[in-house]
Number of protein chains: 2
Amino acid sequence: MARNGSSVEKRLIGLADLVIAAAQRRRDPAIRIPVRSLSNVRFNEKKRFIEMGSNTQQRTFFNVAMAKKFMQTMLVADALAELQRAELTTSLREIYYRTKHTIGGSHENTFDDQDESDPIIEDLEVGLAALREELHVRAENGGTVIGPLVVEDDGDRVDCARLGKGGYSIPSIVEEEYLRIKKCSADFVLLVEKGTQWNRLAEDKFWKKYNCVLLTGNGQPPRGVRRLARRLHQEKRLPVYVLVDNDPWGYYIYSVVKQGSINLAFESQRMAIPDAKFVGLSSADPERYGLPRNVGIKLNDKDVARAKELLNYPWFQKKEWQGEIKRMLASGLKFELDALANKDFQYLTKKYLPKKLRDKDWLD
Amino acid sequence: MARNGSSVEKRLIGLADLVIAAAQRRRDPAIRIPVRSLSNVRFNEKKRFIEMGSNTQQRTFFNVAMAKKFMQTMLVADALAELQRAELTTSLREIYYRTKHTIGGSHENTFDDQDESDPIIEDLEVGLAALREELHVRAENGGTVIGPLVVEDDGDRVDCARLGKGGYSIPSIVEEEYLRIKKCSADFVLLVEKGTQWNRLAEDKFWKKYNCVLLTGNGQPPRGVRRLARRLHQEKRLPVYVLVDNDPWGYYIYSVVKQGSINLAFESQRMAIPDAKFVGLSSADPERYGLPRNVGIKLNDKDVARAKELLNYPWFQKKEWQGEIKRMLASGLKFELDALANKDFQYLTKKYLPKKLRDKDWLD
C-alpha cells in the first residue's frame, strides 16, 4: 500500500487504482498489509515504546480464502474515502452499518458483524500509515480537561481556564485539523485515572495553584485524551504525570500512556509518551502517608496473576519498578486513590500531591 | 427525621440533637426512616411519575439488630455535615473510605464494604428530604452539552454555543448553588442516548439550525444530565425530546427520564420530566424510513422478556405504547440509531430528525 506523504484521501483512492491497474494488466489484484500479530510487535529499548515490525502479508482477490476479505477491504476504503471527501467523522459501528448490504442476487451480506469491519479499519490504518483519527474514525468523547489551555475547536476559542468546575469535554479526535492548541501556559500535565479525583482537583482549583492542565479519561484514557496529552508534551514541552490507583490495572494504564499498547503497536509512535512519570499511588505510599491497612483491598488471584505478568514486561524491568510491583505483591493489598479520603476529603489536593511534586517522588 | 425547609446542614445536625435529647431523657435514641422497598413505591397517575409512599420504619440504638446500622447512620451523617461545613462535594466511595475505621479496642470495622454505606446515604436523602446533590454527593461527570445555553459555573460564564464540537462536560451536580442557568434561547432540548449520534449532530451543527440544546449521557443518562434537562424544562419551559435505540433498553431510558425509576422513587419529584417525548427510534421507523431488515438485530431472549415486562408497567399502558412495543416484538428485531448510517452518514441530521420534528412524530 501507499505509504508516502500524500493526503489520506489520495492514499485511499490509491487502493482502487491498484485494483484497476491489475485488472487492466489481467493480473490478480493484491495489496500488502502489515502483520498485526504479537510476533510482529516489539519493545524498542532506544525509542522506549512498543512498535510494529516490518512483516507484511499479501491480500489477493483471486483466492477463495481471501476474496471476501479483499472485497470488504475495498468497501471499507470506499466508505473512508467518502468521509474524507465530505469532511465528516464517524464511529467504527457506523462504518459497519454503512458498508453492510446484501450482495445482489444472493443472501450473502457484505458484513455479518462489526467484528469483520473493525480489523479491516485497523489494516487500513497500518497499511496506509494513517492514524484512525486521520481516517476520520472517532470513538466516544470520554474525557475532560481543565486548566490554563486555550484551544480552537471549529472556529471557537475555548479557554479551559474559564469553564468552572465542569471543563471542556475532550473530543475523540484532537488532531491539528480539528483542534488547534492556541496557548498553554501550564508547567505540566496531570493525567488522573478517575473522574472522582479529577473532580476533587477541579473543585479545589489545584490546577490554578500548581499551574497545570488537568486531564481525565474516566478509567483507561480514551484515544483523544492520550493524543491531547501527547500533543501538549510534544508541542508545548510539558512533562506528563500520571495518577492512578495502586493496583495492576493502574500500572497498566500508566504503561499504555508511556509505551503504548501491544494491540495498537502501530500507533505508539504518535500516541506514546516515553517520558511520562508515574506519580502514584505507589505501593510505598500507604506506609509513607499513614493509610491504615483496613482501607486497602486484598489482592485477588487475578490481581496477583496480572502483577506477575507485568513483572515480566520489558518496560517494567527497571529496579524501581520491580521493587514497586513486588512490594504490592508482598503486602497483599491494593489501594484506590479514593482511600486517601480516609485521612481527609482534601488530602489529595492539600497534602498528597503537593508533597509528591515537591519531593519529585515519582517513578519513570 | 426533620423534614422542614431548614438548611441541609441543620437537618444533618438535627440528627445528632435527637440522639443527645434522647440520652438526656435516658431514652433509646430512635430515628424514623421512610421505607425504600417496592411495596412503598407507586406510579402516581395524576402527577405522572413514580413516587414513594408514606411508610416509615424506626431505627433505634438499643437493639442488637439495629445498633450497628444506627451507629453507621450517625457516622455518615457526620461526614455529610463535614461536607456541608467545608462546602465540598465528594463521591459515594470516598464517603465509605472517610467513615471507615476500626472501632477502638476491637477488630470490628465501622464499615466493611461500600454496600453498607450507600444505602445509608439513600436513607438520609429520603429521611431528610434532600437530593443526593444537596448532600454534596456526586457521581462521575458523564455527559456533554452543546447549544444556545449560557451557564455560570464557579464564577465563569460558559457559553455552550462557543465550545466547538467538543462541548461542556456536564458536572454531576448542577443544582442552582453550583450551576446558574444565565440564558437559554433554545426552542427545545434533545437528549440523545449515545455519544456517537450526539457527535454527529454536534459536527453537523444541528443545534444551530434547529435552535436546540443537545445533551447526551453516553448511555443511561447520569443524574447531572437528567437534572439539567429537568431544569431547562421547568425553568425555561423547554420541551424535552428523547432519542434512543429501538430496543427495550432504549424504551427504559426514556421512561426513567420521563417518570423516574423505582429504585430512586424519592427523587422523581425533582428529576422526572413527565412531559418528555419519545422521538425515536420507533419500531415503526425501519419501514417508514426504509431501513433494510439486515441492519436490524434479532431480539434475544432477554430482550423479549424485558419488552414483556415493559408492556405491564402502568406508564406504558397507553394504546400507542402498547402498539410500539408489540410491533417490535412482532418484527423480532431491534435497531440501533447507528443503523441509520446505512442510508447515509448524515441521514440522522438531514432527513430523519427534520422529518420527525416537522411531523411531530413522537410518542408521549
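Visitor: Lys205(A): how many C-beta neighbours inside 10 Å, and what does that count as?
Guide: Lys205(A) has 14 such neighbours, so it counts as partly exposed. The scale runs like this: 20 or more other C-beta atoms within 10 Å of a residue's own is buried, 12 or fewer is exposed, in between is partly exposed, with C-beta atoms placed from the backbone. This is a predicted model: local features need pLDDT of at least 70, side-chain atom pairs count only at pLDDT 80 or more, and totals for chains, interfaces and linings use all residues. Residues are numbered from 1 along each chain as its sequence is written, while chains are lettered from A and ligands numbered from 1 in the order in which they are written.

Visitor: Where does Lys205(A) lie?
Guide: In the loop between H5 and helix H6 (206-209) of chain A. Helices (H or I, at least four residues) and strands (E, at least two) are DSSP runs, numbered from the N terminus.

Visitor: And what about its phi?
Guide: The phi of Lys205(A) is positive, about 55°, although the residue is not a glycine. Most residues other than glycine have a negative phi.

Visitor: Which loop holds Arg237(A)?
Guide: The one between helix H7 (223-236) and strand E14 (240-243) of chain A. Arg237(A) is not a glycine either, and its phi is also positive at about 55°. With 8 C-beta neighbours inside 10 Å, Arg237(A) counts as exposed.

Visitor: Back to H5 of chain A. How many of its residues are buried?
Guide: Nine of its nine, so to speak a mostly covered helix, spanning residues 195-203. Among them are Trp198(A), Leu201(A) and Arg200(A).

Visitor: How many residues of chain B are in contact with chain A?
Guide: 43 residues of chain B, against 42 residues of chain A. Contact here is C-beta atoms, placed from the backbone, within 7 Å.

Visitor: Which elements of chain B supply at least two residues of that side?
Guide: Strand E5 (90-91), helix H3 (92-99), strand E9 (156-159), strand E10 (168-170) and helix H5 (195-203) of chain B each do.

Visitor: What classes of residue are on that side of chain B?
Guide: 12 nonpolar, 18 polar and 13 charged. Nonpolar is Ala, Val, Leu, Ile, Met, Phe, Trp, Tyr, Cys and Pro; charged is Asp, Glu, Lys and Arg; the others, Gly among them, are polar.

Visitor: New topic. How many helices and strands has chain A?
Guide: 13 helices and 17 strands. Its C-alpha atoms fill a box of roughly 75 × 45 × 40 Å along the principal axes. Buried residues make up 44% of its 364 residues.

Visitor: Which domains does the assignment give chain A?
Guide: Domain 1 (8-28 + 63-138) and domain 2 (143-358). The bounds come from an automatic or database domain assignment. Over C-alpha atoms, 36 Å separate the two centres. The contact takes seven residues from domain 1 and seven residues from domain 2. On the domain 1 side, two are nonpolar, one is polar and four are charged.

Visitor: Which peptide bond is cis in chain A?
Guide: The one joining Gly280(A) and Leu281(A), with omega about -15°. Leu281(A) lies in the loop between strand E15 (277-280) and helix H10 (285-288) of chain A. In chain B, the bond from Gly280(B) to Leu281(B) is cis, with omega near -20°. Most peptide bonds are trans.

Visitor: Last one, Met271(A). Buried or exposed?
Guide: Buried, because it has 21 C-beta neighbours inside 10 Å. Met271(A) is in helix H9 (residues 268-271) of chain A. Leaving aside neighbours within four places in sequence, Met271(A) is in contact with Arg226(A), Arg227(A), Arg230(A) and Gly260(A). Met271(A) and Val257(A) are 14 residues apart in sequence and 7.6 Å apart in space, C-alpha to C-alpha.

Technical notes: Contact = placed C-beta atoms within 7 Å.
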